[in-house]
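This report goes through one protein chain from its overall contacts down to single residues. The sequence and the structure come first.

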Amino acid sequence: MTVLVTGGAGYIGSHTVRHLLALGRDVVVLDDLDKGYASMVLDAPLVVGDIADEALVAKICAEYDVTSVIHFAAHKNVGESMAKPSKYWHNNVDGTVHLVDALLAAGVTNLVFSSSCSVYGTPEIVPVTEAAPIQPESVYADTKAMMERILHWYGVTSGLRTVSLRYFNAAGASLDNVIGEDWSQSANLVPVVMKAAMGKRPPVQVFGNDYPTPDGTCIRDYIHVEDLADAHVRAIDYLAAGGATVGLNVGTGIGSSVLDVVRATERAGGCTVPVEFVGRREGDPISVFADPTLVNSTLDWKPVHDLDAIIASAWRWHSTHPDGITE
Ligand SMILES: NC(=O)c1ccc[n+]([C@@H]2O[C@H](COP(=O)([O-])OP(=O)(O)OC[C@H]3O[C@@H](n4cnc5c(N)ncnc54)[C@H](O)[C@@H]3O)[C@@H](O)[C@H]2O)c1
């Protein structure tokens, strides 16, 4: 009865592994450490290897009695995906196909998949429901959309059941400050604001302050990484109880602007965040936040941490790990 966590040495995966262990679940991690860190896995067994290595996945399933999988492992840099698309098709799509073939051969049919709100591209209506059109605007986003379709067809043809969790903006660190995000790897807003606040980089560039939003800056839905971890465990339990394949928006339903994040950081750190207003960035949706009604009812899940709690945890983590994660 073990949960295999691919990418469990990465940011969201390591928080989920910790949450599973805290609940007394058996866990094994498969990660090639391309972006992850062995030190973030803490108390779970870590197998260093590639998800596309079917023989290795078969061995892990047999050795650890794997009954379900949470599949985080992927490349996730949107810009890189446009410069090196085949890197993303090979790892995110082909790698997942190899992983699932090995899982099915081992009789494992329950899988939670890390999808992304980027599958909706620029949504026409917010809050975004699962009924919104899937219209990815980058190679990265389309690898998530493609995988959701492929996993659907694995369900039809081979009995795989999948919960695709379409995350909004994961942020924050563990509340006990033991694990967090490696800001040297991340271009996400929260670590960028933290770095600027701590004088570790030039001012935060705010792309556009003339949008039709209350303060003129873009709006996103920030979700605490521990709330996200909780959603994964509930998704595993939903599948174990016989739940059907479903795609779910995992966000708080609350939109926060770029300047909301900046102000929350100033409150958490008692500092001034240097900001530079520059022009709008091509392709930036004005406002993206989730309608979490379906995930609330399907998984009986609700986030408990607000933006201030997210930012306070990120501040604690980054101020005590100013060089990122070092092994
Ligand atoms: N961070 C976000 O806000 C966010 C939002 C939406 C979706 N996601 C998705 O969530 C997942 C986890 O994101 P994260 O932020 O924790 O990223 P991350 O880069 O910290 O973690 C990904 C992990 O997967 C591992 N990995 C990659 N390819 C592998 C392979 N072929 N075999 C084995 N291990 C491999 C990496 O070493 C890394 O540890 C990704 O699939 C990402 O696309 C993240």
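## Contacts and overall form

Among contacts between residues at least 6 apart in sequence, 79% join residues at least 24 apart; two residues are in contact if their C-beta atoms, placed from the backbone, lie within 7 Å. This is a predicted model, in which local features need pLDDT of at least 70 and side-chain atom pairs count only at pLDDT 80 or more, while totals for chains, interfaces and linings use all residues. Residues are numbered from 1 along each chain as its sequence is written.

The chain holds 10 helices and 13 strands. Helices (H or I, at least four residues) and strands (E, at least two) are DSSP runs, numbered from the N terminus. The radius of gyration is 19 Å, close to the 20 Å that the globule rule gives for 327 residues, so the chain is as compact as a globular protein of that length. That radius is taken over C-alpha atoms, and the globule rule is 2.2 Å times the number of residues to the power 0.38. The C-alpha trace spans about 55 × 40 × 40 Å along its principal axes.

Of the 327 residues, 48% are buried. A residue counts as buried if 20 or more other C-beta atoms lie within 10 Å of its own, as exposed if 12 or fewer do, and as partly exposed in between, with C-beta atoms placed from the backbone.

## Two domains

The domain assignment gives domain 1 (2–171 + 222–250) and domain 2 (189–221 + 253–320); such bounds come from an automatic or database domain assignment. The centres of domain 1 and domain 2, taken over C-alpha atoms, are 24 Å apart. Domain 1 puts 26 residues into the contact and domain 2 puts in 26 residues.

On the side of domain 1 that touches domain 2, the elements giving two or more residues are β7 (169–171), β10 (222–224), α7 (225–240) and β11 (246–250). The most come from α7, with 7 residues. By class, this side of domain 1 has 15 nonpolar, 5 polar and 6 charged residues. Ala, Val, Leu, Ile, Met, Phe, Trp, Tyr, Cys and Pro count as nonpolar, Asp, Glu, Lys and Arg as charged, and the others, Gly among them, as polar.

## Around the ligand

The ligand has 28 residues around it, of which G7, G10, G36, A73 and A74 come nearest. A residue is near a molecule if its C-beta atom, placed from the backbone, lies within 6 Å of it. At least two residues of this shell come from each of α1 (11–22), β2 (26–31), α4 (85–105), β5 (110–116) and β7. With 3 residues, α1 gives the most. The shell divides into 12 nonpolar, 10 polar and 6 charged residues.

## Helix α6 and strand β8

Helix α6 (residues 189–197) has V190, P191, V193, M194, A196 and A197 as its buried residues. Their cover includes β7, β8 (204–207), α8 (258–269) and α10 (307–320).

In β8, V204 and V206 form a covered face, and Q205 and F207 an uncovered one. β8 pairs with strand β13 (residues 275–278) in the parallel sense over 4 bridges; strands pair if DSSP finds at least two bridges between them. F277 in β13 is the bridge partner of V206.

## H15

H15 is in helix α1. The residue is buried, with 28 other C-beta atoms within 10 Å. Leaving aside neighbours within four places in sequence, H15 is in contact with S174, I179, V225, E226 and A229. H15 and H75 are 60 residues apart in sequence and 18 Å apart in space, C-alpha to C-alpha.

## Backbone exceptions

Most residues other than glycine have a negative phi, and most peptide bonds are trans. L33, not a glycine, has a positive phi of about 60°. L33 lies in the loop between β2 and β3 (46–48) and is partly exposed, with 15 other C-beta atoms within 10 Å. D300, also not a glycine, has a positive phi of about 50°. The loop between α9 (293–299) and α10 holds D300, which is exposed, with 10 other C-beta atoms within 10 Å.

The peptide bond from V126 to P127 is cis, with omega near -5°. P127 is in the loop between β5 and α5 (139–158).
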